[in-house]
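Reader: Could you take me through the aromatic rings in this one, slowly and with the geometry spelled out? I'd like a close look at how they pair up and what surrounds them.

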Amino acid sequence: MQPIDSGDLVLQNDKSSKQESLFHAIREKIVKQLWHKGGKLPSTRKLAEELQLSRNTVTAAYEQLAAEGYIEARSGSGFYVTVELPDHYLPCAGIVKSTETNKSIPSINSAFAPGVPDLHQFPIAKWHKYVQLHSTRQYLLGNNGIQGDSALRMALRDYLATSRSVHCDASQIIITSGAQQALMIALMAVMESHDSVLMEQPGYSKMRKIIELLNYRFEPVHVEEYVGFDLESIINSKARALYITPSNQYPMGTTLNTEQRLKLIEWATQGNHWIIEDDYDSEFQFAHRPYTSLQGLSSEIGHDSRVIYIGSLSKTMFNSLRMGYLIVPSALVEKCLAIKDALTGDSPTHIQAALADFISSGDFLRHIRKMRRLYKEKHHQMILSINEHFGDDAEVISQAAGLHVTLKWLKDVNEVTLSQKAFEKGIIIRPLSYYEHPDFKLRNWQGAVLGFGNISADDIDKKIKQIADLFYNLDSQL
């Protein structure tokens with residue numbers, strides 16, 4: 001239990017004795033629930049020093065509070081606020097009671113929450129070893145460089161070179177608090193007020209929120225199931241920047257081949273546009289080898305000055321790590337660092353140092369390889385179960401990749417209503433409308449995104465059956 005700080009405890013300047021004033025001051029804190037039940041009070045010596053009282057005065061006040069049932073003494077430990085307060089105390093008006101509870105509310109990480117990896121499979125013991133090693137190093141406790149730990153940037157450089165053909169120097173990498181901060185920095189670095197941003201529709205909802213927050217104009221690039229988006233609509237655009245998830249378009253699950261990627265690079269280079277490449281889910285391709293990143297392709301042909309590459313470790317490790325990275329052309333580094341400095345300053349250093357070791361040791365790559373096999377099995381089970389319980393009434397339109405599948409159905413079962421009914425059963429599915437800008441919606445069908453990362457393969461079938469039962473129950477009511 002968190003100890004209690006005397007904080008703003010003061011004695012009233014009245015005719016009462018100091019002991020009585022202290023008794024009433026502490027009692028008021030307890031009655032108003034400002035000193036929490038079970039909390040440990042300051043020691044008599046410490047409180048006497050802080051309030052400039054004699055220790056005997058504090059001891060006497062504590063003993064009186066204990067006699068009346070407000071606090072209790074624990075041998076060899078000190079005094080604590082009682083869990084059960086005396087029945088006769090007068091409750092004070094204005095007590096704020098917490099309405100927050102975890103009961104009956106599904107976890108935001110439960111099946112089929114999109115974007116959550118298998119948290120049970122992460123090698124927490126190995127990770128904890130690296131964190132412990134660096135958490136005791138005093139030189140990491142002070143302020144550190146805005147750009148991020150140099151060892152981590154070099155480790156990422158080497159990993160991305162081998163896995164995604166990313167060509168860069170460690171000096172071009174900026175460590176960020178997740179992909180969202182990286183996206184914000186990238187936009188602020190290349191955009192002017194009221195510039196337009198081309199963005200996939202449907203697409204990553206957090207990016208749309210950033211565009212709106214920064215008051216840039218949203219220009220949709222409509223994504224069709226199986227096909228992807230029309231390149232001509234981009235080539236004919238005068239937008240300042242294009243944001244895409246080319247490896248596994250989120251949420252439609254399409255991909256860009258090498259020829260399409262080269263055309264985008266040509267568009268950006270010739271028209272002085274920017275490509276912001278969010279290499280989402282590139283590590284988890286199940287049907288084919290991943291295509292070379294846009295950043296890597298642009299470097300191969302000598303046109304890497306218009307591509308900004310963004311990545312995150314939330315899906316490959318765990319969400320709460322909140323660690324991402326931004327790779328920019330050398331000419332943009334200083335501007336991006338100035339923006340990051342203004343937004344948040346440096347990032348947690350001992351976690352960066354631990355992550356550098358985790359990657360350099362090979363533990364990171366071993367984990368990815370293990371999870372690639374596991375997610376492939378889960379994806380296969382998802383397809384089997386959806387076919388079994390939905391038949392021809394729903395189809396999976398996303399490619400075999402990543403940590404989610406996207407469902408499409410033509411029945412009149414409303415996607416939002418279905419997600420609400422599933423939530424009541426402790427299942428999270430996300431309606432496709434969540435990813436769409438309301439002003440540019442073109443669909444005439446219903447759909448939903450189901451994440452399979454954080455559910456065991458053995459539980460997939462029964463959960464899909466539950467969703468199917470809800471689906472057909474809603475259909476029967478139409």
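Author: Here is a walk through the aromatic pairs and their surroundings.

First the ground rules: this is a predicted model, where local features need pLDDT of at least 70 and side-chain atom pairs count only at pLDDT 80 or more, while totals for chains, interfaces and linings use all residues. Residues are numbered from 1 along each chain as its sequence is written, and side-chain values use heavy atoms, with hydrogens and water left out.

A pair of aromatic rings is described by the distance of the centres and the angle of the planes. In practice, rings of Phe, Tyr and Trp (its six-membered ring) pair if their centres lie within 6.5 Å; planes under 30 degrees apart are called stacked, over 60 edge-to-face, and the rest tilted. That rule gives 18 aromatic pairs here.

Take Trp-127 and Phe-318: the ring centres are 6.1 Å apart and the planes sit at 70 degrees, so this pair is edge-to-face. It links distant parts of the chain, 191 residues apart, with Trp-127 in helix H4 (residues 124–135) and Phe-318 in the loop between strand E9 (307–312) and strand E10 (324–327). Those labels are DSSP runs numbered from the N terminus, with helices being H or I of at least four residues and strands E of at least two. Trp-127 is buried at a relative accessible area of 5%, and Phe-318 also counts as buried, at 16%. (Buried is under 20% relative accessible area, exposed is over 50%, and partly exposed is in between, using a 1.4 Å probe and protein chains only.) Both residues belong to one aromatic cluster, together with Phe-122, Tyr-130, Tyr-159, Phe-358 and Phe-364.

Now for Phe-390 and Tyr-472. Their centres are 6.3 Å apart with planes at 35 degrees, so you'd call this pair tilted. Phe-390 lies in helix H13 (residues 363–390) and Tyr-472 in helix H15 (residues 457–476), so the pair ties together parts 82 residues apart in sequence. Phe-390 is buried, at 3% relative accessibility, whereas Tyr-472 is partly exposed, at 29%.

Phe-471 is also in helix H15, and it is buried at 0% relative accessibility. Leaving aside residues up to four places away in sequence, Phe-471 touches Phe-390, Asp-393, Trp-409, Lys-411, Val-413 and Leu-418; a contact here means heavy atoms within 4.5 Å.

The peptide bond from Ala-111 to Phe-112 is cis, with omega near -5 degrees, and Phe-112 is found in the loop between strand E2 (78–81) and H4. Gln-201 and Pro-202 are joined by a cis bond too, with omega about 0 degrees. As background, most peptide bonds are trans.

Zooming out, the chain has 15 helices and 14 strands, and 51% of its 478 residues count as buried. Among contacts between residues at least 6 apart in sequence, 73% join residues at least 24 apart. The C-alpha trace spans about 85 × 60 × 45 Å along its principal axes.
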